[in-house]
Structure formats: structure tokens, C-alpha cells
Amino acid sequence: MDSQCGSSVGSRATIGGVGNINSTHVSARIESYEGGEKKCISDVRRTFCLFVTFDLLFVTLLWIIELNVNGGIQEQLKQEVLQYDYHKSFFDIFLLAVFRFAALILAYAVCKVRHWWAIAITTAVTTGFLIVKVIVSKLLSQGAFGYLLPIVSFILAWIETWLLDFKVLPQEAGDEFRYLSAQNAQDREPLLYPGPVQDGQFYSPPESMADSDEDLDDKHNLEKPIV
């Protein structure tokens, strides 16, 4: 009897230990997610914003190089900005990169939007504008930069779309789902895993003797035949 009670207590203590381990693991996962939520922005979203910044800086660098190659920055700025010509100027491609940067940083860094509508607008505007400009304008007759700037802008815009749609939004949705699952598991934890059993919590009465001497005498008298 004592051995059965001891094994029962041991099994309950084992279950309690497993419950404590699981609750610790769940609490760690919740604290980790809450710590990430306390940040201004998630890691994957920060990477996306850095790439958007790279998009603007890279297009700006290519445009400055194009200004230098074609006769000096000051003279070319006058021709491409002050005397803007849609058919020959690269200034609108630079403005297109500024538009992408402003719209995406405002939507996904400042407002922390969790939808693809902003990137869809910027990519559609970029794609449509570049296709029309390449067909209508005379950029292809202006050397290597007539090919390079439109192609680079087009590729960068679609890479941003791919990053947001296949990396940022799915990963953030998965993190939120895991957080809610861990929180629900922690709420159910007291019902699934009782705490460890303390000594003296259960009382097992001492094992009684099989038959006392008085009971044996009574049975013996009853079994005698009546004369």
C-alpha cells in the first residue's frame, strides 16, 4: 500500500515537473514575442525599409553619375530639371524613386501597415511609368544610362514587392499566430498540469490486521452445532 502511494505521488510529481517545464517554455516564448512587439519595428520589416532606402540611394547615385558623364552636374541639372523634357530627361526616374521611398517608408515604417496595398500602388505606378517612358521617350539613344536607369528602377521596385509579400507579411503573421497559440496554451496550463504534490498532502491509513482474535472466536462459536 505504501509503495502504491509512493508511486502515485511520484507520478504526480513527475507530471507537475513536466507542467512546470512546459509553462516555463511557453512563458519564454510569450516574453520573446512581447519583447519583439516592444521594438519600434520588427527585424524583417527593418530589412525591408533598409532596402527601400537602398533603392533611393542607388538610383540617385546612378543619376549623379549620368549628370557628370554628360557634361557636368550644374549644366545637366539646368537641362534636366529647369528645362525638363520628358523625352530626354532622367529627372523623372529620380522623382519616381523618391515617390517609392516616401510612400513605402510612410506606410510600412511610420504607420506599420500590414497589407500589400501600398506596395501594389508604388509598383504599379513605377511599372506603368517606365514602360510608357521607354516607348515614348528617346532614352535609348542616350547611351548606357538610357538602358540602365529604367531597368534598375524596374527591378528594384519588383524586388521590394517580393520582399514584402513573401517575407515581411508572412513572417509577421506567423509570429503573431505563434504568440496567440502560446498565450492560449498558458491560459490552459493550470487545468492540464497540476502543481507538485507536497509531503503530507495525502494520508494513507495504516493497513489493518486481517482478523482479530475476538472475531475468530465469534466465528468459531457460531460454527459449533447447537445441542
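In this predicted model, 78% of the contacts (heavy atoms within 4.5 Å) between residues at least 6 apart in sequence join residues at least 24 apart. Local features need pLDDT of at least 70, side-chain atom pairs count only at pLDDT 80 or more, and totals for chains, interfaces and linings use all residues. Residues are numbered from 1 along each chain as its sequence is written, and side-chain values use heavy atoms, with hydrogens and water left out.

The protein has seven helices and zero strands, where helices (H or I, at least four residues) and strands (E, at least two) are DSSP runs numbered from the N terminus. Of its 227 residues, 29% are buried, that is, under 20% relative accessible area with a 1.4 Å probe and protein chains only, while exposed means over 50% and partly exposed lies in between.

How are two packed helices described? The angle between their axes and the distance between the axes are used. Helices α4 (residues 91-110) and α5 pack at about 175 degrees, with axes 9 Å apart; the axes are lines fitted to C-alpha atoms over the stretch in contact, and angles run from 0 to 180 degrees between N-to-C directions. The pair is therefore roughly antiparallel, a label for angles over 145 degrees. Among the residues making this contact are Leu 96 and Phe 99 of α4 and Val 125 and Phe 129 of α5.

Leu 140 sits in the loop between α5 (117-136) and α6. Because its relative accessibility is 40%, Leu 140 counts as partly exposed.

Notes:
Parallel < 35°, antiparallel > 145°, perpendicular 65-115°, else oblique.
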